[in-house]
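Reader: I have a model open on my screen and would like to talk it through with you. Could we take it one topic at a time?

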Amino acid sequence: MTFLCKRDELAPGEKRAFDVGRVRIVLCRRGDDFFALRDVCPHHGANLSMGVLTGTNVESEVGEYRYGRDGEVLRCPRHGWEIDITTGRALHDPEHRRVKAYRVVQRGDDVLVEV
Amino acid sequence: MIEKARQPIADCDVHEGMRSITELKPYLPSEWLMYFNRDSLGRLPAKHPYLHPQGGTRLDVIHPDGTSDDMFPERVREQLLDAYGIEAAMLVGTYVHQFTAMPQGKFAAALAAAYNDWLIERWLAVDTRFKGSVAVAAQEPRLAAREIDRVGGHPSIVQVNLPMPPPQLPWGDEKFYPIWEAAVRNGLRIAFHVSPPAGLLGAASVNGWPTTYMELRGVYGLQFQAGLMSLVCNGVFARFPELKVVLLEGGFSWVPGLMWKLDQSWGALRREVPWLRRPPSDYIRDHVRFGTQPMEEPPDPKQLLQIIDMLGSDELLLFATDYPHWDFDAPGPALPAVLPATLRRKILWENARDFYGLPAE
C-alpha cells in the first residue's frame, strides 16, 4: 500500500493526480469515499485528472433529461468520455472500454492505494 | 434477352404509373373537387423543380402516344414480375411523395386516401405479388395515422410511404410520432424514398439549390444521412422498438462512415442523447435497411464486399430496380459476380423476406 494523502487534503468532489512509482493515478473523493484510477483515458490517453469530476444525464425516456450520479463521473478533458470512478468503466461502452481502477484504503486519517 | 433468375426476387422499389392525377378524381369526396379546376390541375401536386436531360422514365417503356408500360399493371406483371422472377414488388408510387409537399395539408390527405383506394383497386387486386405502400400526407401526422389505420390492414399492404427529405421538420421530431405509432400498430414498415425538393420538402440541400440534375442525384444520399441521424439521435428507434424502416434510392456506401461517426460522437456526447441505450450503429443495424438501387459501382467490384463487411451485417441490403425509371437496375447486371451466392440470395430475396415478413418461398 502506498500513502497518498491525508483525508482532509482532498475535499468531497475534488480530484488530484499522484505519481505512485512509475504509475500516475487520479484520486477522486465522493463524500467520504475515495476512488483511484489510472490517470489515462482509455480513448486517446489524456490525463483524466485534467478533466471534470461531475455527474451526468443518466438514462432517461426519449426527449427527457435527468441529471444523476453527481460526483461519480470523471469526464475526460479532451473528447468528453465519461468514466465511472467506482469501476473505471466508460459509461457509453462499459463492457469494452475501461481504465484500470485501484483499491483505496483509509487507515485513520491516511488515504492509501494498492498499485 | 432477359435471363430469368433462378431464385425468388423481391424488388423493393417499383413505381406504379398513373396517366394523370385526374385518375384520382373518382375516389375523392365532393368537397375536394373544387381544386380540380383548370388553373389548379396543372400544379397538382407540387412539381419536381429539376429537369432531367433525358426524362425520368426509361425510353424503352414509353409508347408513341405518351403513355408508358408502368401505367398498366398487366404490362408491369409481364415485363418485370414474370420476366425476372420477382415474387414481391413493393409499389412506392408516382406523385405520392409530393402529397407531403403540399401546404394545403388536408386536401393532400384526401388525395393520399384517394390514391390508396386507386392503388388497391387498380394494382393490388391484379396480382398478389404487387405489395402496396400507404400514401399519406405526413405534414398532417394525425390524418396520416388515421389513413394508415384505414387501409393498413389490407393483406397486400406492407409499409407506409414517406419522402426524404421531410416536410419542414426533421423526421426525428415528436410531431411525427402518430405515424410511427400507426405503422407499428398495423404491423407495417416505413419506406423512405427520395423525393423531389418541392413545396414543403425544399430546399434541395444544406448548401442551397444545386444547378444540375447530376448534383441533385448526389444530394439524395446527403438527405438520407441527415434523415437517418435525426431518427437515431432523437430516439425514434429507442421509443418505437418495433419500428423498421427502409431507405430507398439514397445509396449505402456512406453508411459505414455514418455509423462510425455516430458511435464516436456517442462516446463524447452521450449525455446529450441519454435515451440511447446502445451505440447508434446498433440501432441502425436493428431497425434500418437500404435499397440497392442505384447500385454502388466501385471501380473494383470486390470493394462492394468490403463495404458490406464494414456495415457489420449482410442483412441490411434489399434489392431494388426502380422500375420504370431511367436508372433501372436489372437483377443480373446490378449485382456483380464477385458477390458470393449466399450473399446474392440474401440481397435478392431473404433480407426482404425477413424485413417484410413475406412468406417463405
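This is a predicted model: local features need pLDDT of at least 70, side-chain atom pairs count only at pLDDT 80 or more; totals for chains, interfaces and linings use all residues.

Reader: How many residues of chain B are in contact with chain A, and how much area do the two chains bury?

Author: On the chain B side 14 residues are in contact with 17 residues of chain A, and the two chains bury about 1,400 Å² between them, with 52% of it on carbon and sulfur atoms.

Reader: Which residues in chain B lose the most area to chain A?

Author: Those are Arg270(B), Arg271(B) and Trp275(B), which together account for 43% of what the chain B side buries.

Reader: And how many salt bridges are there between chain B and chain A?

Author: The count is 2 salt bridges, and one of them is formed by the side chains of Glu59(A) and Arg277(B), at 3.2 Å from N to O. Across the same interface of chain B and chain A there are also 8 residue pairs in polar contact, counting pairs with both residues at pLDDT 80 or more.

Reader: Which helix of chain B gives the most to the side that touches chain A?

Author: Helix 9 of chain B does, with 3 residues, while helix 8 (236-239) and helix 9 each supply at least two. The residues on that side of chain B divide into 6 nonpolar, 3 polar and 5 charged.

Reader: Staying with helix 9 of chain B, how does it cross helix 10?

Author: The axes of helix 9 (residues 255-269) and helix 10 (residues 280-287) of chain B come within 7 Å and cross at roughly 140°, and the two helices are therefore oblique to each other. Helix 9 brings Leu258(B), Met259(B), Leu262(B), Asp263(B) and Trp266(B) to the contact, and helix 10 brings Pro280(B), Ser281(B), Ile284(B) and Arg285(B). By type, the residues of this contact are 6 nonpolar, 1 polar and 2 charged.

Reader: Switching to the backbone, which peptide bonds are cis?

Author: A cis bond joins Leu44(B) and Pro45(B), with omega about -15°, and Pro45(B) sits in the loop between helix 1 (38-41) and helix 2 (73-84) of chain B. The bond from Gln293(B) to Pro294(B) is cis as well, with omega near -10°, and Pro294(B) lies in the loop between strand 7 (288-291) and helix 11 (302-311) of chain B.

Reader: What about phi at Gln168(B), positive or negative?

Author: Gln168(B) has a positive phi of about 70°, although it is not a glycine, and this residue is found in the loop between strand 4 (157-164) and helix 6 (177-185) of chain B. Most residues other than glycine have a negative phi, and most peptide bonds are trans.

Definitions and conventions:
Residues are numbered from 1 along each chain as its sequence is written. Chains are lettered from A and ligands numbered from 1 in the order in which they are written. Side-chain values use heavy atoms; hydrogens and water are left out. Axes are lines fitted to C-alpha atoms, for helices over the stretch in contact, and angles run from 0 to 180 degrees between N-to-C directions. Helices (H or I, at least four residues) and strands (E, at least two) are DSSP runs, numbered from the N terminus. Angles under 35 degrees count as roughly parallel, over 145 as roughly antiparallel, 65 to 115 as roughly perpendicular and the rest as oblique. Contact means heavy atoms within 4.5 Å. Ala, Val, Leu, Ile, Met, Phe, Trp, Tyr, Cys and Pro count as nonpolar, Asp, Glu, Lys and Arg as charged, and the others, Gly among them, as polar. Buried area is the accessible area (1.4 Å probe) that two parts lose on being put together, summed over both. A salt bridge is a side-chain nitrogen of Lys or Arg within 4 Å of a carboxyl oxygen of Asp or Glu. A polar contact is a pair of N or O atoms within 3.5 Å; within protein, one must be able to donate a hydrogen and the other to accept it, and residues adjacent in sequence count only if both atoms are side-chain atoms.
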